[in-house]
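Please read this short report alongside the sequence and the 3D view.

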Amino acid sequence: MNTFLSTVIDTLKSSQLNHFVMDNAVVFPILEMAHFLGLSMLFGALLVVDLRLVGVAKKIPLNNVELFLRFALIGFAINLISGVLFVVGDPGRYLVNLAFGLKMLAIGLAGVNTIYFVKRVKPQLHKTHQPPTIGKEAAVVAWLSLALWLSVIVLGRFIPYVETP
């Protein structure tokens, strides 16, 4: 392990926040529940939006489906906070874990996909009143979103089982 990573891990392990997370019997289980709730909100909302973009439930107006994005943002915020607390609480486990690193990569790619959706695809969806078919670009972004977030879920489940050499 390189010295920079060792320094970061040692610094986090000696922090007050680390002791708060690891030394209180209820904090870690509460974080687990919050992380699961956030993930359920995030993925559930994205599932509705992305499936609509690929052509499921075409009769439901996009404006109604977009309301679910608020829940996705709330879920992401919950997961961001609980996830950071997991890492601060046990940095030696997470920061050197291959599954965790791949999960962070998938989240980053999902973020880039989301930015692309917001900047490029979403404005095109609202140029006309409820087009009968949504373009291929929107469908590709939606399938990519689903694939990336499913990867995040699977990689997150692998974290406890992937041991660092």
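A search of the whole structure finds one cavity of 30 Å³ or more. On a 1 Å grid over the protein atoms alone, a cavity is a set of points where a 1.4 Å probe fits but cannot get out, whereas a pocket is an open set with protein on both sides within 12 Å along at least five of seven lines; lining residues have an atom within 4 Å of a point. Grid points are joined across faces, edges and corners, and a volume is the space filled by probe spheres set on the points.

This is a predicted model, in which local features need pLDDT of at least 70 and side-chain atom pairs count only at pLDDT 80 or more, while totals for chains, interfaces and linings use all residues. Residues are numbered from 1 along each chain as its sequence is written, and side-chain values use heavy atoms, leaving out hydrogens and water.

The mean pLDDT (the predictor's confidence in each residue, from 0 to 100) of the protein chain is 92, and 95% of its residues reach 70 or more. Helices are DSSP runs of H or I with at least four residues, numbered from the N terminus. Among the elements of the chain, the lowest mean pLDDT, 86, belongs to helix α4 (residues 62–66), and the highest, 97, to helix α5 (residues 68–89).

The table sets out the two spaces.

| Space | Volume | Largest share of the lining |
|---|---|---|
| Largest cavity | about 40 Å³ | α4, three residues |
| Largest pocket | about 710 Å³ | α5, seven residues |

The lining of the largest cavity consists of Val-49, Leu-53, Leu-62, Val-65, Glu-66, Phe-117 and Leu-125. The largest pocket is lined by 26 residues, and His-35, Phe-86, Lys-103, Gly-156 and Ile-159 lie nearest its centre.

Lys-103 belongs to helix α7 (residues 98–125). Leaving aside residues up to four places away in sequence, Lys-103 touches (heavy atoms within 4.5 Å) His-35, Val-152, Leu-155, Gly-156 and Ile-159. The nearest side chain of opposite charge to Lys-103 is Glu-32, 9.0 Å away.

Helix α7 also holds Ile-115. Ile-115 is exposed (over 50%), with a relative accessible area of 54%. From C-alpha to C-alpha, Ile-115 and Leu-85 are 25 Å apart in space, and they are 30 residues apart in sequence.

Notes: Helices (H or I, at least four residues) and strands (E, at least two) are DSSP runs, numbered from the N terminus. Buried means under 20% relative accessible area, exposed over 50%, partly exposed in between (1.4 Å probe, protein chains only). Lys and Arg count as positive and Asp and Glu as negative; His and the chain ends are not counted. A salt bridge is a side-chain nitrogen of Lys or Arg within 4 Å of a carboxyl oxygen of Asp or Glu.
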